[in-house]
Amino acid sequence: MTERSPAGKNETAVLQIDHVTKVFDTKTVLDAVTFEVNKGEVFGLLGPNGAGKTTLIRTILDIFRPDSGTISLFGRTFSDDIKDAIGYLPEEGSLDKEIGVAECIRYFANLKHVQGIDEKADVWLARLTLADYKDKKIQDLSKGMHRRLQFILAVIHDPAVLILDEPFSGLDPLNMKLLKDILLDLRAKGTTIIMSTHQMDEVERMCDRILMLNSGKVVLYGKLDEIRQEFGLSVELRYEGTLPHLDNIVSISDSGNAAEIVVLKDADTQALLKTLAAQVTVKKFEIKQRSMNEIFLEVAGK
Amino acid sequence: MTQKALVVAKFEFTKTVRRKGFILGTLGLPLLILFIMGLTLYTGAGIGTAMENQTTGYVDGTGFVEPASGYVPYTDLAAGKSALVAGEIHTLVVIPADYLQNRTLTVYTMDASLMGSTGSNTAVQEFLAQNVLRHENVSEEATQAVLSPSSPSVIVLDESGNPKGSQELAGFILPFAMTMVLALGILTSSGYLMQGIGEEKESRRGEFLLSYCSAENLLAGKIIGYAAVSLLQMGLWIGMALLVVAATPLSAIFSGLQLSGLVGIAVVYFVLGYFLFSVSIACTASLAPSVREAQQDLCDLLHVRSLPAHLLTVPSRGPELACHAVFNLLPLHCAVHRDGPAHARFRAAIPDCDQYGDSCPLHGRPDKACCQDLPDGYADLWEAGGTRGCAAIYQDEVIF
């Protein structure tokens, strides 16, 4: 639930994107994208490859300027000092391999005017299990270590907004869990997290709200539960016999003795069960909300 | 400029000066030049020996030197100079009456080359060693004078027996060397800048950095950082050059050389030239998608910069030509080009020939007489440039 002022302005929004359009040559990468991110929430940016997620993040960070539309952070247009309140973990990109880990942290922390850099660096290095590599050169780090170091650079200045582009890529399950725990901890402390990812199970576990882009356009936007509800229900069925023709369903995936039936959100599932029970032997009838993976595949496949 | 730009500048500076490439380049280039010079002097030793075998004349004001084989005494300077011009002797050493106290010698030669100057110096030491130390009653004072001679004042004479000016060689070497140092400094640091920006674009590190500071601060920091690198490199090169000059006979070339405060303008030209170049290169590298493409774009930029060099003979044959003035006005050319203002200012910084009284340093004739037969178009230059202008005109150079 968002709080709106009499003028209609969302008082809790830290980021407001209003009809942002970005065109490269003749290709419209972002097409009138509009959304808000509220303070303290985990906001998921979803979409298939090439949907415009990274371009949107770069536009938010003022790396790209939008061709039209406005972006405001904390109610202000973008400026250099606003960058100090943002942490960013890019999907790609390497750090300067010739320098040391500690020197790298000092450099980036200095750019963000961090006080007590060495103490903070020690804390984060220990938390990301990189303490033993403090005096090593970056070229000596593995891909996963490099990724964790980049994460330290994104959070060393305690940003109010943390923007993560595919934060779990390149991490093993152990480090993925470590990073997830840290993100949940940061959310608990009030950090707003904007996360672009393809890992739908993580989206379901962590995100409060999501925005899904497809070909530069917003195709989904809102609270996770509401979106899942919007996309109907899924019935997992195990049976014996021959399935009858079913009315008022969205789709069915039948494999002989098991089927996945998607029904509308307001469908009468009890009536469906009765219909099925009259025709086949029902061994399992489980009603579930649709997974984000299913929703993603459905929307992205359109 | 913000604090972020300074943070970037400091980082780029410390990172670059620790690079093996920078250390090798900064120390290696002077060592290479030193090696080449040493080789030249070594191979020139044969020339030097041959030169030493040539006859040396002397004018002894002390009465201390005894006649010896290979050394010809002259009663006065005029006679010695006549013999020198006639080719009877290679070098004329003038030993003043107060030599043992002041240890100051004057050497006349007609060989204006670097080897000639250093060779003259060697010949003088040989001459003193052979003619003074063999004396039976050599005092401690005289021994010290020979063993620790101060650099002689070398005067190169022309065919008429008039001095070409002791600063002619230094006047050539100093501007040339300084121009080379400036150009190398600018190109080296600009190269680092281009490589750094190109690598950051390729590795997408630049994108990460842009989430920390603005593009303006990032580029400003890089440009300032590499400027500091370049200044350090130039300082080291100049320092090493001064050490080499002070510790070798080369000091003879620069003895008596006086530099005016105009040399300071060179620093201004360097800074402006560097900023112009580095900003151009930073923009080029920023627009190019990779280091390789940035290098190709840079080649085009350098071709534009070196346009006057391609057309060098045109402006040098006619200093009054408009193209000469135009090239000097083009920012990409003036800072480092030989005919550009930086070079000109270095030349201007060397004191003019007023110290020679009414004589033109090139021809030894009164100014007006020397320049009376100037071709059309040069008269104005003469009026504007005075005696130094006269010298420049005769060297086909315009320095004012």
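Met234(B) lies in helix α9 (residues 215-247) of chain B of this predicted model. Helices (H or I, at least four residues) and strands (E, at least two) are DSSP runs, numbered from the N terminus. Met234(B) counts as buried because 21 C-beta neighbours fall inside 10 Å; a residue is buried if 20 or more other C-beta atoms lie within 10 Å of its own, exposed if 12 or fewer, and partly exposed in between, with C-beta atoms placed from the backbone. When residues up to four places away in sequence are set aside, Met234(B) touches Val181(B) and Gly185(B), a contact being a pair of residues whose C-beta atoms, placed from the backbone, lie within 7 Å. Ile186(B) is 48 residues from Met234(B) in sequence, and their C-alpha atoms are 9.6 Å apart in space.

Residues are numbered from 1 along each chain as its sequence is written, while chains are lettered from A and ligands numbered from 1 in the order in which they are written. Because the model is predicted, local features need pLDDT of at least 70 and side-chain atom pairs count only at pLDDT 80 or more, whereas totals for chains, interfaces and linings use all residues.

Chain B contains 19 helices and five strands, and 38% of its 400 residues are buried. Of the contacts in chain B with a separation of 6 or more, 70% are between residues 24 or more positions apart. Strand β3 (residues 91-95) of chain B is mostly covered, with five of its five residues buried. On one side of β3(B) these are Thr91(B), Val93(B) and Ile95(B), and on the other Leu92(B) and Val94(B), and both faces are covered. In a regular strand the side chains alternate between the two faces of the sheet. Strand β1 (residues 56-60) of chain B runs parallel to β3(B) and is joined to it by five bridges; two strands pair if DSSP finds at least two bridges between them. β3(B) also pairs with strand β4 (residues 106-109) of chain B, in the antiparallel sense and over four bridges. Leu92(B) is the bridge partner of Gly57(B) and also of Tyr108(B) in β4(B).

In chain A, six strands form an open sheet with mixed pairing, in the order β6-β7-β8-β3-β9-β10. β6 (86-89) and β10 (217-223) of chain A stand at the edges with a single partner strand each, so one side of each is left without a neighbour in the sheet. From one strand to the next, the twist averages 15°. Four bridges link β6(A) in the parallel sense to strand β7 (residues 161-165) of chain A, and Ile86(A) stands opposite Val161(A) in β7(A). Helix α1 (residues 53-60) of chain A packs on this sheet, touching β3 (42-46), β7, β8 (192-196) and β9 (209-214) of chain A, and its direction makes about 150° with that of β7(A). Axes are lines fitted to C-alpha atoms, for helices over the stretch in contact, and angles run from 0 to 180 degrees between N-to-C directions.

An open sheet of four strands, with antiparallel pairing, has the order β2-β1-β4-β5 in chain A. Its edge strands, β2 (27-38) and β5 (76-77) of chain A, each pair on one side only. Strand β1 (residues 13-24) and strand β4 (residues 68-73) of chain A are antiparallel over five bridges, and Thr21(A) stands opposite Ser68(A) in β4(A). α1(A) packs on this sheet through β1, β2 and β4 of chain A, its direction making about 65° with that of β2(A).

Between the chains, 15 residues of chain B are in contact with 20 residues of chain A. On the side of chain B that touches chain A, α1 (3-17) and α8 (205-210) of chain B each supply at least two residues. The predictor gives the complex an ipTM of 0.80 and a pTM of 0.67.

The pLDDT, the predictor's confidence in each residue from 0 to 100, averages 68 in chain B, where 55% of the residues score at least 70. Within chain B, confidence is highest in α1(B), at 92, and lowest in helix α18 (residues 367-371), at a mean of 42. Over residues 335-400 of chain B the pLDDT stays under 50, and the model has 120 contacts beyond four places in sequence for this stretch. Where pLDDT is low, the predicted coordinates should not be read in detail.

Key:
Two residues are in contact if their C-beta atoms, placed from the backbone, lie within 7 Å.
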